[in-house]
Each structure stands twice: as C-alpha cells, then as structure tokens.
Amino acid sequence: MSELSLRLGLTMWSHNDWLHSFYGSGTKSSQRLERYASVFHTVEGNTTFYATPSDNTVNNWDKATPEHFRFTFKLPKSITHEQQLKHCQTPLHSFLATMSPLREKLGMLTIQLPRRFGPNDLPALQSFCQYFPKDMPLGVEVRHPAFFQKGPHEKALNQWLLEHGIDRIIMDSRPVFAAKPDSPAVIEAHSNKPKVPVHAISTGQHPMIRFIGHPELEANNEFFRPWLNKLPEWIAQGKQPYLMIHTPDNQYAPELAVQLYAQLQQHIRQVDAVNQPISLPALPSFPPKADEQQITMF
C-alpha cells in the first residue's frame, strides 16, 4: 500500500455494540482487531494508559494487523499522571521494551498530561522526552488552561515542540459539549473530557486531531467544517495528519468516522488541487457488508 495522505481511526478497536454493525455477526473477541484494521488505518491504544500489556498480547496485536497499519499508544498513567514524568526512566524503558515488537507499526507514542501539569512543569517534559530514541514519533496532549491562552506559556510550549518535531495533539471537544446532558454517556463525557479551545497548530509531521463527536451524527457536520480546509492544507505541506474519531459511548463511532471522511473526500475533489494533487482512497466496506456481498455471489 502506498503511503496514505491521512490516517483515519477510532479510539478503540473493541466494542460489544459493533458486533452486528461493524465486525459482523459471530465475530470472536480475538478477531476484532483484525476486522477493525481491515477498514481503518490507525487506532488510539487507550489500553496502555491503564496497564502495560503482556508480551503475548503485543505479539497478538502484531499478528492481527497488516504492515501498513499504525498504532498510537498512550504512555501508562503511572508515568504521566502519578509520577508526572519524574524519576520514571526505568518504567519507561520497560514499557518501550514490551512494545518493541510493534516498533515498525508505531505511528505515535502519546504523552497525555493531567490538567495540573502546567508551565512550571515544562522542564520535566523536556527532560523526559530525551529518554526516547531520536526517531520515535511523539505526541503531547496538554490540558492546563495556561497552554491555551496564546500567551508566553503556550508560545514556549509550541516553540519547543516545533524545534523537536513533536506533535501537539489537538482536542476538538466542541461537538460533545454542544450536546444536551440527557444521557449517562454525555453526562460522563461532560465530566471527564477537557473543554479547551481548539488551536489548530501543527508542530510536527503528524498532527493528530481527537474529534469528540456529538451523539447525533448529523450534528457533527458543522463542527467538522473547519477541518475540511485545515487537513488538506497540512497534507499539501507534506504532513500526514491523524484523524481520531470518537463519541460519548462510541456506539456509532465507526459510522461517524466514515461520514466525516466522505465529506473530506468530497471537499478535496471540489477544490482545485492541480499544483498539489491530493487523493484520499476509498475506505473498504465494513466487514459485515463485505461478507454479505461475497455470499450473494454464490
């Protein structure tokens, strides 16, 4: 497969409600990642945030995915939240060693920092990032308000990220916060997700957008419209954006991802791209539909 202009993915690959709509009836739990990777280009591995997987699990993930697939794993919260990046060189090296079988499929390691991690902690982040191999792609997600005020603290962070080619992860939570808190999933999202301004800045080669969608799929179109211009702009600059889609309960996250990707495809076709031709390949059908088509042939 030729290098993709953009990688589309979700924040998980396993969801019980996707059994009939996405995986296909009868899909075993052990087959879910393989089915997921047959459609999407990447995934945000939240599981590593809560616990480091076993060697056997990592090897199974490798076997279940094609060579062109890319994982983006979060560092364990024991490193980012509990130790806040201090005195953790040993656990970091242990984590990297465990994940090493997936090195060629690693799209990005993400450092998600807690809200309390502010400007005074920036030196800890700078020191911590020196522990990684020089060629390891990194992304940083900050949540402290000072990093969103376009003042000296945000400028210092962005400048350092630019100098080191580290991507600043962009959180677009506007859609979910526009939803009425009338369901347990939305109420939980309003409580747990950061409500921060959207600063569409690219500090590395793989700008990542975490788009937290509205539970009503069509309501997301208005919020996604600005990205229809920004994403092709980054692609034309030679960057490869990562677009991660999720919703409060993720029940219809696959459908929302396909919906937004189709809008981006249509927008790119309509824009004059003679000087910088951009193309987004069609997504494969969801596995159930592919299975149904195969059955009708015989």
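E154 and R168 form a salt bridge in which the closest N and O atoms are 3.1 Å apart; the term denotes a side-chain nitrogen of Lys or Arg within 4 Å of a carboxyl oxygen of Asp or Glu. The pair connects distant parts of the chain, with E154 in helix α8 (residues 152-164) and R168 in strand β6 (residues 167-168), 14 residues apart. Helices (H or I, at least four residues) and strands (E, at least two) are DSSP runs, numbered from the N terminus. E154 is buried, at a relative accessible area of 4%, and R168 is buried as well, at 3%. Here buried means under 20% relative accessible area, exposed over 50%, and partly exposed in between, for a 1.4 Å probe and protein chains only.

The structure is a predicted model, in which local features need pLDDT of at least 70 and side-chain atom pairs count only at pLDDT 80 or more, while totals for chains, interfaces and linings use all residues. Residues are numbered from 1 along each chain as its sequence is written, and side-chain values use heavy atoms, with hydrogens and water left out.

The structure holds eight salt bridges. One of them joins D172 to R174, with the closest N and O atoms 2.8 Å apart. D172 is buried, with a relative accessible area of 0%, whereas R174 is partly exposed at 33%. Another salt bridge links E233 to K230, at 3.2 Å between the closest N and O atoms. Because these two residues are three residues apart in helix α12 (residues 227-236), about one helical turn separates E233 from K230. E233 is partly exposed, with a relative accessible area of 37%. A network of salt bridges also links E44, E141, R143 and R210.

The strands come next. Nine of them form an open sheet with parallel pairing, in the order β6-β5-β4-β3-β2-β1-β9-β8-β7. At the edges stand β6 and β7 (170-172), each with a single partner strand, so one side of each has no neighbour in the sheet. Two strands count as paired if DSSP finds at least two bridges between them. Strand β7 runs parallel to β8 (residues 208-212), and three bridges join the two. D172 stands opposite F211 in β8.

Grid points are joined across faces, edges and corners, and a volume is the space filled by probe spheres set on the points. The whole structure has one cavity of 30 Å³ or more. The largest cavity holds about 70 Å³ of space, and its lining includes E141 and R168.

The largest pocket contains about 600 Å³ of space. It is lined by 24 residues, of which N46, Y50, K74, K193 and R210 are the closest to its centre. Helix α10 gives the most to this lining, with four residues. The second largest pocket has a volume of about 340 Å³. Among its 18 lining residues, K134, M136, L138, H164 and I166 lie nearest the centre.

Note on methods: 1 Å grid on protein atoms, 1.4 Å probe; cavity = no way out; pocket = protein on both sides within 12 Å on 5 of 7 lines; lining within 4 Å.
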